[in-house]
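These are my notebook entries on a single chain. I set down what I looked up, entry by entry.

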Amino acid sequence: MEVFDAAELWSRERIAETQLTRLKATLAQSRKCSFYRERLDEAGIGPDSIRSLDDLRRIPFTTKQDLRSQYPTGLLCVPPSEIVRMHCSSGTTGTPVAICHTQNDINAWADLMARCMHMVGVRREDVFQNMSGYGLFTGGLGIHFGAERLGCMTIPAGPGNSRRQIKLAKDFRTTVAHILPSYALILGEHLRNMGEDPRDFPLRIALVGAEPYTEEFRKRIEELFDMKAYNSYGLSEMNGPGVGFECLEQNGLHIWEDAYIPEIVDPDTGEPVPDGEVGELVMTSLCRQGMPILRYRTRDLTRFLPGPCVCGRAHRRMDRILGRADDMFIIKGVNVYPMQIEQVIMTFKEVGQSYLILLENDGIGDVMRVQVEIRDEYFVEDMRALQSLQKVIAQRLRDEILVTPRVELVESNSLPRTEGKAVRVQDLRAKK
Ligand code: ADP
Ligand code: K
Ligand code: ZN
């Protein structure tokens, strides 16, 4: 197997050994800010308290609220002059948090990102188009530096503007793209509207992530462009992209354990869940000097995939993110994640690029409406066909979530588009 760096192929033993050394160093580094020093002292954790990896569990969690409370630079563990860049989380779920990086941090991050891309066959001969937002969002510069590190000609196209994306990709024969799942289908639709077959587009690989999407959605993207789409996971608090990435097997995302320690805990108790069970991902950075973060509660729900990967890499795999704990909504007493809805509707060939879940209260009770875009070629069909499609979708959704939604079929392109992460749920119920 051709690998980008030696750590990619480390054995379990080598990984564990390195994690312990780096965890100790990270703990020492984190004590350089008063927030962590006080927090660790309170928990009775001194500079020499960590003897084995099991001791990690004695370290208190860090929450998003903690990071917000230390905004902008409360968690700095180096002199400010050592910082060369800052990023913010997109603020999808509230006030942003800021993460500051030293040059070493940035280099290590670029290496991890390059490792991800190399793993799925991206090489210096490739032309790479980054269709993600730049600016504070880590999917821009984070991936950009990884692609350059790999030696790809890198086009910082930025988000949206399909006409320009298509022109750039054609003019420079783009072979690899980084693209949001929601935008991939929109770009394909744009090509079709131009009378072109997206399969003739030169793309062969896409890195797809930054927001939850289902296996069904991936299949659509791959078929639409006749290319491979690899799931890319990351979060600003842990640099950004480059944390977890699918290998060629496309069966779970390898988490780079030389750089992070992942845990999966019960979101209510904070206790580890048995291997293979779903819980909240908790992450500790191991290679960061500017702002190390200990046991960060990501609010992302996933599970470890048991057993080794057939690719031979020993870095543990996690399942695709099921959703964020914050995305869950309750309707008629039932807990629902948007991905449960997507999983059902994306199996229908008539369904187009987008959908929207609306939660309302009609004065009597909660109502859930699911608006689903239908592809043009099916929308012109007779009323009866559409009505029965609507009924079947509603039934299938009921089977999945145990609540019957009101399904509304709408014309393609009629639901709102965003340039950033897709908004899948609008909760219009009056907050009590
Ligand atoms: P924000 O939380 O404001 O969106 P980030 O831009 O740092 O901030 O995004 C990180 C979050 O994006 C993750 O915590 C996760 O919820 C989501 N995310 C990133 N990659 C993926 C992916 N491949 N699948 C599902 N969700 C993802
Ligand atoms: K090149
Ligand atoms: Zn693998």
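**Entry 1: helix α4**

I began with α4, which is mostly covered, as 12 of its 17 residues are buried. I call a residue buried if 20 or more other C-beta atoms lie within 10 Å of its own, exposed if 12 or fewer, and partly exposed in between, with C-beta atoms placed from the backbone. Helices (H or I, at least four residues) and strands (E, at least two) are DSSP runs, numbered from the N terminus.

The model is predicted: local features need pLDDT of at least 70, side-chain atom pairs count only at pLDDT 80 or more, and totals for chains, interfaces and linings use all residues. Residues are numbered from 1 along each chain as its sequence is written, while chains are lettered from A and ligands numbered from 1 in the order in which they are written.

I listed the buried residues of α4 as Asp105, Ala108, Trp109, Ala110, Asp111, Leu112, Met113, Ala114, Arg115, Cys116, Met117 and Met119. They pack against β2 (98-102), α5 (138-150), β6 (205-209), β7 (228-235) and β8 (240-246). Here and below, two residues are in contact if their C-beta atoms, placed from the backbone, lie within 7 Å.

I then checked the length of α4 (residues 103-119). At 1.5 Å a residue its 17 residues should span 24 Å, and the end C-alpha atoms are 24 Å apart, which agrees. The expected span is 1.5 Å times one less than the number of residues. Gly121, with a positive phi near 100 degrees, follows α4.

**Entry 2: helix α1**

Where do the buried residues of α1 lie around its axis? The residues in question are Gln19, Arg22, Leu23, Thr26, Leu27 and Ser30. They cover an arc of only 145 degrees around the axis, which puts them on the same side of α1. The arc is that of the directions from the helix axis to the C-beta atoms. I noted the general rule beside this: an α-helix has 3.6 residues a turn, so residues three or four places apart point the same way.

The cover over the buried residues of α1 includes α2 (34-42), β10 (260-265) and β11 (279-285). On the face turned away from the buried side, I found the exposed residues Glu13 and Thr21.

**Entry 3: domains**

I recorded the division of the chain into domain 1 (1-327) and domain 2 (328-427); such bounds come from an automatic or database domain assignment. Their C-alpha centres lie 30 Å apart. Across the boundary, 21 residues of domain 1 are in contact with 16 residues of domain 2.

On the side of domain 1 that touches domain 2, α7 (181-193) and α8 (215-225) each supply at least two residues. The largest share, four residues, comes from α7. By class this side has nine nonpolar, seven polar and five charged residues. Ala, Val, Leu, Ile, Met, Phe, Trp, Tyr, Cys and Pro count as nonpolar, Asp, Glu, Lys and Arg as charged, and the others, Gly among them, as polar.

I also consulted the UniProt record, an unreviewed entry, which annotates residues 333-429 as "domain: AMP-dependent ligase C-terminal". UniProt positions are given in the numbering used here, feature names are shortened, and annotations may be inferred rather than shown by experiment. Over residues 333-429 I read 32% helix and 33% strand, with the end C-alpha atoms 14 Å apart.

**Entry 4: Ile221**

Ile221 is found in helix α8. Is Ile221 buried or exposed? Ile221 is buried, because 22 other C-beta atoms lie within 10 Å. Leaving aside neighbours within four places in sequence, I found Ile221 in contact with Pro181, Ala184, Leu185, Ala206, Val208 and Ala229.

**Entry 5: backbone details**

The peptide bond from Tyr71 to Pro72 is cis, with omega near 0 degrees. Pro72 sits in the loop between α3 (64-69) and β1 (83-88).

Arg173 is not a glycine, yet its phi is positive, about 50 degrees. I placed Arg173 in the loop between α6 (162-172) and β5 (176-179); it counts as exposed, with 11 C-beta neighbours inside 10 Å.

Gln250 also has a positive phi, near 55 degrees. Gln250 lies in the loop between β8 and β9 (253-255) and counts as partly exposed, with 16 C-beta neighbours inside 10 Å.
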